[in-house]
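I opened a new entry to go through this model. My notes follow the display.

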Amino acid sequence: MHRQRHLARSAAVLAGTALLAAASAVPSSAAPDPRGAGRDITPTTDHRYATSWVVLGGGFQNEFGPPIRGNRHQVKLTTDNGVVSGSMRSYYCPVGASVSPTWASSRCVHRQTMTFENFERQKVGRVSSTGLSAKQEGLIVGRRGTDRWPIEPDFTLYASGPVTDDGDGTFYSFWREATVSGSLSGRPILSGAKQEGYIGGYGPA
């Protein structure tokens, strides 16, 4: 089944005390201008979402909550009509060990995995009316068992390809490939690492 069919329709909501974000770092370079992307008409749908699959480099300084260990972090973040889902899988990797959004060298040691949730019903993420760009920013929560982390995404996506329609006549679904730039709680996207981005929507035809 296509990757958009298994997007989470809702996310668990955390009701807890306010958390503060981690230390900042220099974000990655700006994404290409979206005016070069396909100009197909983006359909109006019930749901609009953005998905960022990226690798972060470096460690986190986390004053509120447990330590976030590792120096390479595989991130998948989906924001669907403001509802958050996804995860961050963290590793310690020696110099020269490769990591992609979905794969890590056997030389890397797994440190922890957290799943992403909305913070106190706060919606995160928006897609432009044209469907050519999207923004994922705001306070969310990472969770692993009873552990909680404050996480602040700041990702910008620009469409880099034309619309792909995979609806079936009763259910409409479209998506575009997109570039991703930005950071997560100040940690930059790892320069040179593979990344994947998608902007799309779905709903009844």
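What does the accessible surface of the protein come to, and what share belongs to carbon and sulfur atoms? I read off about 9,900 Å², of which 50% belongs to carbon and sulfur atoms; areas come from the Shrake-Rupley method with a 1.4 Å probe, and for residues only the protein chains shown count as cover.

I noted that this is a predicted model, where local features need pLDDT of at least 70, side-chain atom pairs count only at pLDDT 80 or more, and totals for chains, interfaces and linings use all residues. Residues are numbered from 1 along each chain as its sequence is written, and side-chain values use heavy atoms, with hydrogens and water left out.

I looked up the elements and found zero helices and 14 strands (DSSP runs numbered from the N terminus; helices are H or I of at least four residues, strands E of at least two).

I checked burial next: 49% of the 205 residues are buried (buried is under 20% relative accessible area, exposed over 50%, partly exposed in between; 1.4 Å probe, protein chains only).

I searched for salt bridges (a side-chain nitrogen of Lys or Arg within 4 Å of a carboxyl oxygen of Asp or Glu) and got four in the whole structure. One of them joins Arg143 and Glu117 at 3.1 Å, N to O. Arg143 lies in strand E8 and Glu117 in strand E5, so the pair ties together parts 26 residues apart in sequence. Glu117 is buried at 5%, while Arg143 is partly exposed at 33%.

I also logged Asp154 with Lys135, closest N and O atoms 2.9 Å apart.
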